[in-house]
Amino acid sequence: SKGYIVLHNPQHPRSNSSGYVYEHICVAEKALGKPLPSKAEVHHVNEQVDDNRNINLVICENGAYHKLLHRRMKAVAATGSANDLQCSYCKTWDKPCNLSTVKNRLSYPSYHKSCATQAKRRWLDRKVMA
């Protein structure tokens, strides 16, 4: 269970083949008053997966939104700003205006212009050597 608390509830729609379902799913559904939508995920605010208090759970509409929450939490911890992005090449954090994001989406890699050039050169060098 990787630290998650599980409950035996074979009738639950999200139970696994052994009949167990994560407790945080049940807590979120009880607070919501209905079953979670099929793509919904539950986020633990303090990242303690065994802390299933209502105040520690956020229902995310899908996995992409859940990942966004984690990325923004990581940015706040590193820089104090939830909007900062990490360069995929040099791993430093910076303002979004100083980075180029592939395909203009936050879920894709972001690079400083100089780092993108270096990354492309490395990729081309590897391709020529292969």
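Cys-26 is buried, with a relative accessible area of 19%, where buried means under 20% relative accessible area, exposed means over 50%, and partly exposed lies in between (1.4 Å probe, protein chains only). The structure is a predicted model, in which local features need pLDDT of at least 70 and side-chain atom pairs count only at pLDDT 80 or more, while totals for chains, interfaces and linings use all residues. Residues are numbered from 1 along each chain as its sequence is written, and side-chain values use heavy atoms, with hydrogens and water left out.

A disulfide is defined as a pair of cysteine sulfur atoms within 2.5 Å. By this rule the chain has zero disulfides. Cys-26 takes part in none, and its nearest cysteine sulfur, that of Cys-60, is 17 Å away. The sulfur of Cys-60 likewise has its closest cysteine sulfur in Cys-26, at 17 Å, which is too far for a bond. Cys-60 also counts as buried, at 0% relative accessibility.

The secondary structure of the chain consists of three helices and eight strands. Helices (H or I, at least four residues) and strands (E, at least two) are DSSP runs, numbered from the N terminus. In order from the N terminus, the elements follow the pattern β-β-α-β-β-α-β-β-β-β-α. The radius of gyration of the chain is 20 Å, well over the 14 Å that the globule rule gives for 130 residues, so the chain is more spread out than a compact globule. This radius is taken over C-alpha atoms, and the globule rule is 2.2 Å times the number of residues to the power 0.38. Along its principal axes, the C-alpha trace spans about 55 × 40 × 25 Å.

Several totals describe the chain as a whole. Of its 130 residues, 27% count as buried. The chain exposes about 9200 Å², and carbon and sulfur atoms supply 53% of this area; accessible areas come from the Shrake-Rupley method with a 1.4 Å probe, and for residues only the protein chains shown count as cover. Contact means heavy atoms within 4.5 Å. Among contacts between residues at least 6 apart in sequence, 23% join residues at least 24 apart. The mean positions of the 20 positive and 10 negative charges are 11 Å apart. In this count Lys and Arg are positive and Asp and Glu are negative, whereas His and the chain ends are not counted. Each charge is placed at NZ of Lys, CZ of Arg, CG of Asp or CD of Glu.

Cys-26 belongs to the buried residues of helix H1 (residues 23-32), which are His-24, Ile-25, Cys-26, Val-27, Ala-28 and Glu-29. The buried residues of H1 pack against strand E1 (6-8), E2, strand E3 (41-44) and strand E4 (57-60). Just after H1, Gly-33 takes a positive phi of about 85 degrees.

Val-21 lies in strand E2 (residues 20-22) and is buried, at 2% relative accessibility. Apart from neighbours within four places in sequence, Val-21 is in contact with Ile-5, Val-6, Leu-7, Asn-9, His-12, Arg-14, Ser-15 and Cys-26. Val-21 and Gln-11 are 10 residues apart in sequence, and the distance between their C-alpha atoms is 9.6 Å.

Positive phi values also occur in residues other than glycine. Glu-47 has a phi near 60 degrees and is placed in the loop between E3 and E4. With a relative accessible area of 43%, Glu-47 is partly exposed. Lys-91 has a phi near 70 degrees and is found in the loop between strand E5 (85-86) and strand E6 (93-94).

Asp-84 lies in the loop between helix H2 (63-79) and E5. At 5% relative accessibility, Asp-84 counts as buried. When residues up to four places away in sequence are not counted, Asp-84 touches Arg-71, Ala-75, Thr-79, Trp-93, Asp-94, Lys-95 and Pro-96.

Ser-110 is located in strand E8 (residues 110-111) and is buried, at 4% relative accessibility. Beyond its neighbours within four places in sequence, Ser-110 is in contact with Leu-85, Gln-86, Cys-87, Ser-88, Leu-99, Ser-100 and Thr-101.
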